[in-house]
Amino acid sequence: MEQAPRDPERQLQPAPLEPLGCPDAGLGAAVGKEAAGAGEEDSGVDTMTHNNFWLKKIEISVSEAEKRTGRNAMNMQETYTAYLIETRSVEHTDGQSVLTDSLWRRYSEFELLRNYLLVYYPHIVVPPLPEKRAEFVWHKLSADNMDPDFVERRRIGLENFLLRIASHPILCRDKIFYLFLTQEGNWKETVNETGFQLKADSRLKALNATFRVKNPDKRFTDLKHYSDELQSVISHLLRVRARVADRLYGVYKVHGNYGRVFSEWSAIEKEMGDGLQSAGHHMDVYASSIDDILEDEEHYADQLKEYLFYAEALRAVCRKHELMQYDLEMAAQDLASKKQQCEELATGTVRTFSLKGMTTKLFGQETPEQREARIKVLEEQINEGEQQLKSKNLEGREFVKNAWADIERFKEQKNRDLKEALISYAVMQISMCKKGIQVWTNAKECFSKM
Amino acid sequence: MEGERRASQARSSGLPAGGADGESPGGSAPFPGSSGSSALLQAEVLDLDEDEDDLEVFSKDASLMDMNSFSPMMPTSPLSMINQIKFEDEPDLKDLFITVDEPESHVTTIETFITYRIITKTSRGEFDSSEFEVRRRYQDFLWLKGKLEEAHPTLIIPPLPEKFIVKGMVERFNDDFIETRRKALHKFLNRIADHPTLTFNEDFKIFLTAQAWELSSHKKQGPGLLSRMGQTVRAVASSMRGVKNRPEEFMEMNNFIELFSQKINLIDKISQRIYKEEREYFDEMKEYGPIHILWSASEEDLVDTLKDVAGCIDRCCKATEKRMSGLSEALLPVVHEYVLYSEMLMGVMKRRDQIQAELDSKVEALTYKKTDTDLLPEEIGKLEDKVECANNALKADWERWKQNMQNDIKLAFTDMAEENIHYYEQCLATWESFLTSQTNLHLEETSEDKP
């Protein structure tokens, strides 16, 4: 059990939350139908209760999405979507759930929550948000942010996001997260009051800047490579999947034309007429079946997308570590140089270049008193520096330990989730094949009766 | 007498009336397409780019097709056809077997053209021999069709494949194009052979049996090009008149033909579009599987699952390829032939109308006494006979054609449905076995965890 740095201001004591809705449940359910007795869902819940020791169980759901109009910061009219977040507490004894909180949030508020978490939990792989704009679109229609299908998938994605946080052993106890679920008005102000934006290391935003670290931690370097590979391969997969979906759509829809023509043709045929007509009907059924099939596949794509974005979260942790390491090395370097200066002053030898030393050389020696004073200042700085270095080192080790624990947790979650996603993909294919067999068997019967 | 001749011929060539010997006199040519293309390569004349985009409609696999008594398309030796199923409406056994194969390229200073080998095996008395092998080019087929139309203006002559494919043809002698044409020419000749009247046509016999020089000299005997052109002009002019007095049944027939033509053209377009879409789907799928293999390289715990998924996708890919080829073998050629048939039918209607128009104009002349009317009654009598013959011939052939059409269409679409069923069944089996292996693994793992 990892010992998370407990900040009494940020974390709730005692935490009233015990999340019930497990993000794995949705994925596991699909498998449950096909693989009887696999017990996927049980193992998911076990992992969570193992991490939880709270009082009440809660259920979180993002149950509705609504189009709203309002005025933005520049007092211009804008249209946006608001999402209803409902929190229910579940009584142990009878399993009945009671609605405890219900409020509306928009996407930008979710973003705010996540940015806050990123700053205060730098060692945690923070769950990603669903995409802001539809990408890897297979059909031109769903590129629109207001498209109902997109909104629906985003609703599910946001719910997933909250459930991931709620099932994270550390994040779930965060006060701001709690308030996000319970305090509608003023929440934004509360978040901003934490001053997290000031805390945010602006260097993290400079994604392309490289910080040369002399002794990089191999594990983090490997992790960064892994996250790059993961991002690259999932992007590629999603792109090709979108193209495949596009083509599949074409194949199915063209068959629909048969329906219309057969029907018209059947009007002039005496013997063949009935067979043609009913076969045409089956062609229509076939053509229209693709819509549901591809809608399901979109959910699969979303599951992969989550891990595409998780790659970014992994990279963020690596980056933070890199910066930490860099700061540490800079501090150590600084300390070393000060020590050297001190030593030189004390012994009178000049090995390192310093402006003071130069001017001394040029303009004459300084007095022993001056030198003493300087040595004293340096010694104070060195002391301070050593303290700082010590605490930085400690911080660094803590960071590495905690980060690595979360990364292990993340890895297990990822393996479970991806495996389930791939299995659910197989389930979808099976369903599609069965439908296909049905339709074509019917059509064949009609054709043979012509 | 005839029986004697048949028996003597049977003895000489080993072609029995019943029971096959398995002898293959012409040398076995089970896959004419493949040997044909090597012949083409040897000719070293043309760049035979496999330009898929232009003629993606027809697959390159010259794989064996279904046997169908009404549309014998299988390019095997005629001898094996003796064991074919009997026709429904023709109680006699087939006695004329024709194959078209071995396309070969010929170069002269003026032009380059392709000839096809035509092998005929027959037990008919009127043929001098029981076996013939000749080479013919597309022009010769055109000539034959013209002669048949001339001799039997109101019979439904089978269609020839198009002279050129209009859409984006780059190379006239593309492999696919040649193969498609060869199959269609094979079908053309066999349809004539199956036709109760056309099969005994003299020009048909000459086409099948005459040597090249014999055929050329025979061709020159017919009415010249100019007179034929003149005939066409007159035909067009007078056919309009014939439409007015068209009997009811032929009006119905004409309506059917018009609608049928519309619909079959649409179906042709739709079917070709489906093939195109399936091909593009296949092309994308080919890329899809390998990405999972790539991914497995960076995921220790998911290697097997990812590799298995890749394998499933690849197998589905192959199944798609097979489905495409099935479509191009079974459905597309049949539908296309009927597109061409519908054009033929309109021509037949015109010719019938023209014959009627001839009669009508003479009757008109008689009624209004425009010209010298002495010989008219006799002429009119002859023309009335002619019209009656033509109409009867057409009526009978129409019924036969409709019956064939229904059977061919029914078979083609049933085959298409069968291909799709097979495709989905294969994919289903692939994914189900993947799922089983995954759940088995999981059960193994969970049982290991249990204390």
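Which helix of chain B holds L306(B)? L306(B) sits in helix α9 of chain B, which covers residues 303-368. The model is predicted: local features need pLDDT of at least 70, side-chain atom pairs count only at pLDDT 80 or more, and totals for chains, interfaces and linings use all residues. Residues are numbered from 1 along each chain as its sequence is written, chains are lettered from A and ligands numbered from 1 in the order in which they are written, and side-chain values use heavy atoms, leaving out hydrogens and water.

**The two chains**

- Chain A has 12 helices and three strands. Here helices (H or I, at least four residues) and strands (E, at least two) are DSSP runs, numbered from the N terminus.
- Chain B has 10 helices and three strands.
- Read from the N terminus, the elements of chain B follow the order α-α-β-β-β-α-α-α-α-α-α-α-α.
- In chain A, 48% of the 450 residues count as buried. Buried means under 20% relative accessible area, exposed means over 50%, and partly exposed lies in between (1.4 Å probe, protein chains only).
- In chain B, 49% of the 451 residues count as buried.
- Chain A exposes about 22,600 Å², and carbon and sulfur atoms supply 51% of that area. Accessible areas come from the Shrake-Rupley method with a 1.4 Å probe; for residues, only the protein chains shown count as cover.
- Chain B exposes about 22,000 Å², with 53% of it from carbon and sulfur atoms.
- For contacts in chain A with a separation of 6 or more, 76% are between residues 24 or more positions apart. A contact means heavy atoms within 4.5 Å.
- For contacts in chain B between residues at least 6 apart in sequence, 76% join residues at least 24 apart.

- L306(B) is buried, at a relative accessible area of 0%.
- Leaving out residues up to four places away in sequence, L306(B) touches L422(A), H292(B), W295(B), S296(B) and E299(B).
- L306(B) and E202(B) lie 104 residues apart in sequence and 67 Å apart in space, C-alpha to C-alpha.
- T439(B) belongs to helix α10 (residues 376-449) of chain B. T439(B) is buried too, with a relative accessible area of 17%.
- From T439(B) to H218(B), the separation is 221 residues in sequence and 76 Å in space, C-alpha to C-alpha.

**Salt bridges**

- Side chains of opposite charge can pair when their charged atoms come close.
- The whole structure has 61 salt bridges over all chains. A salt bridge is a side-chain nitrogen of Lys or Arg within 4 Å of a carboxyl oxygen of Asp or Glu.
- R315(A) and D228(A) form one of them, at 2.4 Å from N to O. R315(A) lies in helix α10 (residues 273-347) and D228(A) in helix α9 (residues 218-266) of chain A, so the pair ties together parts that are 87 residues apart in sequence.
- R315(A) is buried, at 15% relative accessible area, while D228(A) is partly exposed, at 36%.
- R409(A) pairs with D406(A), and their closest N and O atoms are 2.8 Å apart. These two residues are three apart in helix α12 of chain A, so about one helical turn separates them.
- D406(A) is buried, at 0% relative accessibility.
- D353(B) and R352(B) form a salt bridge with closest N and O atoms 2.9 Å apart. Both residues are buried.
- Through shared partners, salt bridges join E131(A), R153(A), R241(A), E297(A), E298(A), D302(A) and K305(A) into one network.

**A negative patch on chain A**

- E369(A), E372(A), E379(A), E380(A) and E384(A) gather in a patch of negative charge on the surface.
- Patches are made of residues with over 30% relative accessible area and no salt bridge: like charges are joined within 9 Å, nonpolar side chains (Val, Leu, Ile, Met, Phe, Trp, Tyr) within 5 Å.
- E379(A) lies in helix α12 (residues 368-448) of chain A. E379(A) is partly exposed, at 43% relative accessible area.

**Positive phi in two loops**

- N75(A) is not a glycine, yet has a positive phi of about 60 degrees.
- The loop that holds N75(A) runs between β1 (57-71) and β2 (77-90) of chain A. N75(A) is exposed, at 53% relative accessibility.
- N186(A), also a residue other than glycine, has a positive phi near 75 degrees.
- N186(A) is in the loop between α5 (175-182) and α6 (187-193) of chain A. N186(A) counts as exposed, at 52% relative accessibility.

Conventions:
Lys and Arg count as positive and Asp and Glu as negative; His and the chain ends are not counted. The place of a charge is taken as NZ of Lys, CZ of Arg, CG of Asp or CD of Glu.
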